[in-house]
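Hello,

Here is the structure we talked about, for you to open alongside this email. My notes on it follow below.

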Amino acid sequence: MASPLSPDRLIAILRAEGVKISEYPGWRTRERDDETGKPFGPVHMILNHHTASRNSRDIVARDGVAGLPGPLAHIHLAKDGIATLCSAGRTNHAGLMAKNAYNSFLNEASTHPAPSKASGTVDGNDVAYGIETENLGDNKDPYTRAQYDAWVRINTAICREYDWSEQSCGCHKETSVEGKVDPRGPVEGYGTRGRFDYTPKQFRADVAERLKHPASWSPPTSAPAPKPKPPTTEERLTALEKRVTALEKRS
Ligand SMILES: [Zn+2]
């Protein structure tokens with residue numbers, strides 16, 4: 001039974017995975033369960049978003065937006081890679097998910113169909129952890145290295161805890177029946193990789209790679225240094241000559 005994690009457990013698994021965290025004041029008891037009468041869980045997937053705004057921490061963690069009360073995610077992920085814990089209960093992030101898309105994440109299928117409203121809908125806020133990553137979403141604003149690295153760590157920590165595969169990590173644009181486009185945009189880099197565009201497929205591949213390692217693992221950030229070349233005969237002779245000269249001076 002995939003019960004939602006307690007606040008303490010959520011903190012513990014994120015710390016173990018090397019995520020730098022911040023606790024938003026009041027986050028442990030701020031949720032939408034009581035207000036809606038719909039308890040959060042059982043949980044079956046993670047849904048990733050971009051905020052489409054700057055300085056979005058208060059909005060996501062507490063304030064919400066017109067017509068959509070906060071909290072708007074379980075975790076807000078800032079540009080500096082700090083993950084702010086916003087809620088351990090029900091949050092307003094997912095909206096309605098297309099049933100065909102949701103089922104593909106629930107069953108951890110290797111591919112995920114385009115969301116079709118005709119297949120029916122599921123209330124995503126019942127079943128999904130939500131991560132809101134700060135980015136303008138204009139396809140120009142980059143996700144920083146620290147941010148992307150933390151994003152992979154957060155998703156992996158939750159998958160590891162529930163024994164899920166990377167195929168439980170979805171993106172809002174993969175489930176939305178309202179034409180959401182998040183997340184999208186350039187990423188500064190990850191591991192040994194330079195700039196690339198965010199794609200759900202690459203993101204899941206990065207989570208899959210991380211899941212093969214212990215939680216304490218960090219991806220290598222540069223190619224291993226090339227082996228030093230052995231000295232040439234000429235270099236060896238020069239070194240020898242210097243030693244001989246030094247010995248001669250001493251005697
Ligand atoms: Zn979204």
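**Helix H8 and its neighbours**

H6 and H8 pack at an angle of about 60°, with their axes 9 Å apart. That angle makes H6 oblique to H8, and H6 passes H8 in a right-handed crossing. Please keep in mind that this is a predicted model.

At the contact, Val152, Asn155, Thr156, Cys159 and Arg160 of H6 meet Asp206, Val207, Arg210 and Leu211 of H8.

H8 covers residues 200-211, twelve in total. From first C-alpha to last, H8 reaches 16 Å, close to the 16 Å expected at 1.5 Å a residue. Its buried residues are Phe203, Arg204, Asp206, Val207 and Arg210. Seen down the axis of H8, they fall within an arc of 155°, so they line one face of the helix. These buried residues pack against helix H6 (145-162) and strand E8 (169-171).

**Backbone details in the loops**

Gly70 and Pro71 are joined by a cis peptide bond, with omega about 0°. Pro71 sits in the loop between helix H3 (57-63) and strand E3 (75-77). Another cis peptide bond joins Asp182 and Pro183, with omega about -10°; Pro183 is in the loop between helix H7 (172-175) and strand E9 (186-187).

Asn55, which is not a glycine, has a positive phi near 45°. Asn55 lies in the loop between strand E2 (45-50) and H3. Is Asn55 buried or exposed? It counts as exposed, because it has 9 C-beta neighbours inside 10 Å and the cut-off for exposed is 12 or fewer.

Regards

Notes. Residues numbered from 1 in each chain as written. Predicted model: local features only at pLDDT ≥ 70, side-chain atom pairs only at ≥ 80, totals over all residues. Helix = DSSP H or I, 4+ residues; strand = E, 2+ residues; numbered from the N terminus. Expected span 1.5 Å × (residues − 1). Buried ≥ 20, exposed ≤ 12 C-beta atoms within 10 Å, placed from the backbone. Arc of directions from axis to C-beta. Contact = placed C-beta atoms within 7 Å. Axes fitted to C-alpha atoms, helices over the stretch in contact; angles between N-to-C directions. Parallel < 35°, antiparallel > 145°, perpendicular 65-115°, else oblique. Left-handed = near helix turned anticlockwise from the far one by under 90°.
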